[in-house]
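Please look over the sequence and the 3D structure shown here before reading on. The report is written for a reader who is new to describing protein structures.

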Amino acid sequence: MTGYLASFEPAMRLALAEARAASARADASAGPDIPVGAVVLDADGSVIGLGRNQREAAADPTAHAELVALRAAAKARGSWRLDGCTLVVTLEPCTMCAGALLAARLARLVYGADDPRAGAAGSVWDVLHDPRLGPPVEVRGGVLAAECAALLQAFFDQRR
C-alpha cells in the first residue's frame, strides 16, 4: 500500500491495538468484547479520540468502538461538531455508527476490513453517501485489511 492510504497506517495500527485490548478484557460477569478499535484524527492528523468495543464491559449496546472514539474526540474538542476529522476503524461501521459519523460531520472514514454482514459504508448499505442524510463522507476501505480481518477471525474461531 502506498500513497494516500498508506498515510493512515500508523492510525490503523493504533486502532488495532485498541481492538486487541477490547478482546483481552474478560471477567466473571462479562466476556471479552469483539476486537474492534477506532481512532479519530483531527485535520492535522493528531489523535483526538480513541475507542474500542465496550458493549460487554459497559453493558451498553451503543458502546461500539466508533462511538466511544467519537465521544472522546468531541470531549477533547469541546464540541460535537467534528468537521474536518477522520475516523480510522478496524471494521467497516454498522448503520448506527455510520449515522453517528454523519451526525458528527466527519469528513472522512478509513476502515480496515469489510463487514459483509452489517457494513454501512458500501458493503451492505451505503449510508455515508445517501444524499437524503447530508453531505457525503469520504470513504476509504482496505487499510491493513488482512490484519484487521485476521484479528476478528481469530476471535470468532476461539468462540466456536
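## Basis of the report

This is a predicted model, in which local features need pLDDT of at least 70 and side-chain atom pairs count only at pLDDT 80 or more, while totals for chains, interfaces and linings use all residues. Residues are numbered from 1 along each chain as its sequence is written, and side-chain values use heavy atoms, with hydrogens and water left out.

## The sheet

An open sheet of 5 strands has mixed pairing and the order β2-β1-β3-β4-β5. The edge strands, each pairing on one side only, are β2 (47-52) and β5 (138-141). Strands here are DSSP runs of E with at least two residues, helices are runs of H or I with at least four residues, and both are numbered from the N terminus; two strands pair if DSSP finds at least two bridges between them. On average, and with direction ignored, neighbouring strands of this sheet are turned by 15 degrees against each other.

Strands β1 and β2 run antiparallel and are joined by 5 bridges, with Leu41 standing opposite Val47 in β2. Their hairpin has 5 residues between the strands, and in this hairpin Gly45 takes a positive phi near 90 degrees. Strand β3 (residues 86-91), by contrast, pairs with strand β4 (residues 108-113) in the parallel sense over 5 bridges, and Leu87 stands opposite Leu109 in β4.

## Helices on the sheet

Helix α6 (residues 145-159) lies across β3 and β4 and runs at about 60 degrees to β4. For such angles, axes are lines fitted to C-alpha atoms, for helices over the stretch in contact, and the angles run from 0 to 180 degrees between N-to-C directions.

## The nonpolar core

A nonpolar core is a set of buried Ala, Val, Leu, Ile, Met, Phe, Trp, Tyr and Cys residues joined through side-chain atoms within 4.5 Å. Of the 46 residues in the largest nonpolar core, Val40, Leu70, Leu87, Val88, Leu109 and Leu128 touch the most other members. The largest share of this core, 6 residues, comes from α5. In soluble globular proteins, nonpolar side chains tend to be buried together.

## Two residues in their surroundings

Thr86 is found in strand β3 and is buried, with a relative accessible area of 3%; buried means under 20%, exposed over 50% and partly exposed in between, with a 1.4 Å probe and protein chains only. Not counting residues up to four places away in sequence, Thr86 touches Phe8, Val39, Val40, Leu41, Leu106, Arg108 and Val110, where contact means heavy atoms within 4.5 Å.

Arg55, which has its place in helix α3 (residues 55-58), counts as partly exposed at 34% relative accessibility. Leaving aside neighbours within four places in sequence, Arg55 is in contact with Asp33, Ile34, Asp60, Pro61, Ala63 and His64.

## Aromatic pairs

Rings of Phe, Tyr and Trp (its six-membered ring) pair if their centres lie within 6.5 Å, and planes under 30 degrees apart count as stacked, over 60 as edge-to-face and the rest as tilted. By this rule the count comes to 2 aromatic pairs. The rings of Tyr4 and Phe8 have their centres 5.3 Å apart and their planes at 90 degrees, so this pair is edge-to-face. Tyr4 is partly exposed, with a relative accessible area of 39%, whereas Phe8 is buried at 8%.

Phe155 and Phe156 also form an edge-to-face pair, with 5.1 Å centre to centre and 85 degrees between the planes. Phe155 counts as buried at 7% relative accessibility, and Phe156 counts as partly exposed at 32%.
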